Amino acid sequence: MTVAAQIGPMAEVPPALRWGAVVNLLLWAIALLLCLVPFGLVLLISFGHKVEGAGWDWAFSSENYLRFFVGANWPAETTSLYLGQLYWSMRYAVVAAVLAVVTALPFTYLMTRQSRRAQARWLVFLLATLSLSEVFIVMGWDIILSNNSGLPMLFAASGVTDWLKDTGWFDVLRDWGLANPRNVKFKTSEFATVLTLSYLVWPYAVILLYPALSRLDPSLAEAARTMGARPWTVARTVILPAVRLPLMGTTLLLFVFLLGAYVAITVFADPSQHTTAVSIYENVRGSTLNAPFGAAQSVVLLVAAGAFLVLGQRLSRKSQGGA
Amino acid sequence: MSALSLHGIRKDYGEARAVDDITLDFPDGQLTALLGPSGCGKTTLLRMIAGLEVPTAGTVTVGGRDITRVPAHKRKFGMVFQSFALFPHLTVRDNVAYALTIAGTARGEAAARADTLLDLVQLTGFGDRRIGQLSGGQKQRVAIARALAQEPEVFLLDEPMSALDAKLREEMQVELRLLQQRLGITTIVVTHDQREAMTMADRIIVMSKGRVEQAGTPQEIYHWPATGFVAGFIGRANFMDGVAQDGRIMVGGVALSLPRPAQFLTGSAVQLVCRPEGIRLGAGLAEVNSIEGRVTFVRDLGPVRDIYLETRLGRLVAEQSADQSRVLAVGDRVHLSLPPDALRLYPGLPVTLPATALAAE
């Protein structure tokens with residue numbers, strides 16, 4: 001008897017399985033709809049054009065992209081205002097993400113060496129801080145770094161400003177844009193912007209690094225120590241290579257997250273150093289009201305972020321292969 | 001001169017005392033096994049020797065030099081970890097050359113030395129492999145080669161065979177011992193496996209509850225266990241609770257004689273220990289310490305048979321050579337004798353391991 005004969009006529013698919021397939025299909029359709037429709041609309045609108053006083057109109061024009069890369073008056077005149085904003089977007093996001101990861105790494109490593117109970121306390125605390133909104137955090141730092149009521153005032157009152165002037169450090173701070181002729185100042189400055197952005201994503205960095213570091217076998221570091229490695233050598237030659245991929249992944253994730261930062265940039269960054277995210281908001285909801293151009297900026301920002309992610313992935317693959 | 005000495009070593013973790021007042025000398029060039037059950041403090045002691053833990057009290061010296069507070073990276077002690085702790089991002093050769101590389105040895109020289117060490121542990125040609133491509137036994141060899149790269153004064157191994165299967169473990173025990181003898185390096189092995197300790201060690205230190213129960217050669221430890229715990233932990237033993245009476249020991253109404261009168265006051269609770277191979281079976285035995293028993297179970301192990309007996313002294317296990325003419329079966333009645341020389345006497349303190357001792361191989 002053949003196998004087919006043994007099985008008999010084609011078995012009926014049970015109704016439960018049929019329904020399961022339908023539900024699965026439906027879920028995929030909803031997921032694709034939610035992901036693709038907003039992005040598709042932004043892409044379509046980015047090719048539209050602004051109608052003065054009447055919002056925007058459907059079109060298929062590359063004028064918004066041209067404006068982004070070479071300015072509205074091209075070819076008569078070329079401007080790089082929006083490319084500059086993209087540069088600041090990337091710069092803030094890269095520096096703040098790297099700063100957050102670099103500072104979160106030793107903290108998380110030490111945290112994973114503590115007792116289970118202490119680790120749980122830290123994780124609960126860090127997860128709780130995630131409930132704080134960007135607006136709340138920026139408000140806090142705005143007060144701390146405010147020229148009239150924050151650290152600059154404290155520095156002046158406590159004599160630190162005078163000490164800085166006496167020792168010559170005040171001139172250095174002025175060169176760095178962190179002092180006016182009378183006192184130190186943090187607003188507006190790249191320092192304050194990066195500091196706040198890093199603070200904003202720091203708990204995410206710890207939470208993302210925690211699983212990899214808690215799984216790291218402590219005997220790896222101990223073995224290196226017994227072979228003559230000093231603490232920094234252990235970190236450089238054993239711990240960092242062991243968590244290279246999570247480090248790269250965390251940095252990229254924070255980078256993408258920070259590309260969209262808005263409140264911290266508007267409060268702490270000099271207007272000449274504002275980012276694409278701020279410009280997009282201005283175009284979509286702010287004073288400029290040019291939705292097609294805002295949409296084009298969004299697409300460029302997305303493509304730039306994608307390019308960064310691909311680059312990061314290639315770098316990590318290369319380092320993995322070369323190790 | 002002793003290579004390594006511990007004096008009054010103690011280690012507390014909060015209220016818990018992991019290691020309690022240990023004073024030991026590790027003779028130069030010998031292999032010493034720290035043997036004991038889980039949680040007895042043997043790994044903690046090894047970690048203090050390695051410099052990975054700081055003793056709460058006491059001193060560690062090498063050749064008379066106090067190294068108690070010297071950090072691990074300055075001790076030049078090679079260590080093999082239970083998990084081997086090989087660096088997964090490095091090749092086999094780079095793992096072995098790690099100590100040399102970080103010490104600033106030229107890359108070519110370090111690689112050549114690593115290859116020599118890989119030859120020594122019979123891993124010639126494995127230098128370019130990744131750690132993930134190795135079997136358990138190969139990983140262990142790499143870990144040994146890596147620990148030897150810096151030519152350590154003392155070689156430490158923490159349960160080095162625990163990750164290997166039984167057959168490979170026995171092979172590696174012999175190989176490691178031969179390697180140690182060839183290099184003549186002072187070696188300390190932590191193990192909970194008494195067979196492993198007996199196979200490899202010149203000297204065994206039996207530990208329990210953070211203390212040293214006995215230190216001696218494998219033969220001394222096996223034949224002359226200092227305490228009931230050691231008798232139970234090393235090899236197999238029959239334990240009998242009794243009472244001292246006029247130099248003899250009363251167990252279950254039977255008066256047992258010892259080679260010399262027992263040095264216990266009459267009425268003192270004592271414990272007698274007899275190895276299974278010490279019990280004689282069959283007719284025509286000496287009258288001294290002779291009783292009758294009934295066979296309850298026979299366990300055939302090939303060259304020997306374990307005869308489980310119900311006697312007036314309690315349940316006993318006797319080891320009978322397989323070439324004995326009389327083959328005992330369950331239900332047989334048999335004469336048995338416990339020669340005085342085969343009996344060991346201890347104070348009647350509770351012994352924690354009698355049941356497992358009988359079951360242990």
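Which residues have the most contacts inside the largest nonpolar core? Leu4(B), Leu6(B), Phe26(B), Leu45(B), Leu156(B) and Ile188(B) do, and the views below start from there. This is a predicted model, so to speak of local features we need pLDDT of at least 70, while side-chain atom pairs count only at pLDDT 80 or more and totals for chains, interfaces and linings use all residues. Residues are numbered from 1 along each chain as its sequence is written, chains are lettered from A and ligands numbered from 1 in the order in which they are written, and side-chain values use heavy atoms, with hydrogens and water left out.

**View 1. The largest nonpolar core has 106 residues.** A nonpolar core is a set of buried Ala, Val, Leu, Ile, Met, Phe, Trp, Tyr and Cys residues joined through side-chain atoms within 4.5 Å. "Buried" means under 20% relative accessible area, "exposed" means over 50%, and "partly exposed" is in between (1.4 Å probe, protein chains only). The largest share of this core, 14 residues, comes from helix H4 (residues 81-112) of chain A. Helices (H or I, at least four residues) and strands (E, at least two) are DSSP runs, numbered from the N terminus. Apart from this core lies another one, of 47 residues, including Ala110(B), Leu123(B), Phe155(B) and Phe229(B). Now pick out Leu45(B): leaving aside neighbours within four places in sequence, Leu45(B) is in contact (heavy atoms within 4.5 Å) with Leu6(B), Ile9(B), Val19(B), Ile22(B), Leu24(B), Leu34(B) and Met207(B).

**View 2. Here is chain B as a whole, with 10 helices and 20 strands.** Its C-alpha trace spans about 75 × 45 × 35 Å along the principal axes. Of the 361 residues in chain B, 52% are buried. Take the contacts in chain B between residues at least 6 apart in sequence: 67% of them join residues at least 24 apart.

**View 3. Helix H5 (residues 136-148) of chain B is mostly covered, with 11 of its 13 residues buried.** Among the buried ones are Gln138(B), Arg141(B), Ile144(B) and Leu148(B). The buried residues of H5(B) pack against helix H11 (218-226) of chain A, and also against parts of chain B: strand S6 (77-80), helix H2 (92-96), helix H4 (107-120), strand S7 (154-158) and helix H6 (166-183). What about its length? The expected span of a helix is 1.5 Å times one less than its number of residues. For the 13 residues of H5(B) that should give 18 Å, and the end C-alpha atoms are 19 Å apart, which agrees.

**View 4. Ser189(A) sits in the loop between helix H9 (169-175) and helix H10 (190-215) of chain A.** With a relative accessible area of 6%, Ser189(A) is buried. A polar atom of the Ser189(A) side chain lies 3.0 Å from the backbone nitrogen of Ala192(A). If you skip neighbours within four places in sequence, Ser189(A) is in contact with Gly177(A), Leu178(A) and Phe268(A).

View 5. Trp141(A) and Tyr199(A) form an edge-to-face aromatic pair. Rings of Phe, Tyr and Trp (its six-membered ring) pair if their centres lie within 6.5 Å; planes under 30 degrees apart count as stacked, over 60 as edge-to-face and the rest as tilted. Over all chains the count comes to 20 aromatic pairs. In this one, the rings are 5.2 Å apart centre to centre, with 75° between the planes. Trp141(A) is in helix H6 (residues 134-145) and Tyr199(A) in helix H10 of chain A, 58 residues apart, so the pair links distant parts of the chain. The rings of Phe186(A) and Phe191(A) make a tilted pair. Their centres are 5.7 Å apart and their planes are at 40°. Phe186(A) is buried at 10% relative accessibility, while Phe191(A) is partly exposed at 41%. Elsewhere, ring pairs link Phe68(A), Phe69(A), Tyr82(A) and Phe293(A) into a cluster.

**View 6. Asp306(B) lies in strand S17 (residues 304-311) of chain B.** At 0% relative accessibility, Asp306(B) counts as buried. The side chain of Asp306(B) makes a polar contact with the side chain of Arg236(B), at 2.5 Å. A polar contact is a pair of N or O atoms within 3.5 Å; within protein, one must be able to donate a hydrogen and the other to accept it, and residues adjacent in sequence count only if both atoms are side-chain atoms. Not counting residues up to four places away in sequence, Asp306(B) also touches others, including Phe297(B), Leu301(B) and Val317(B).
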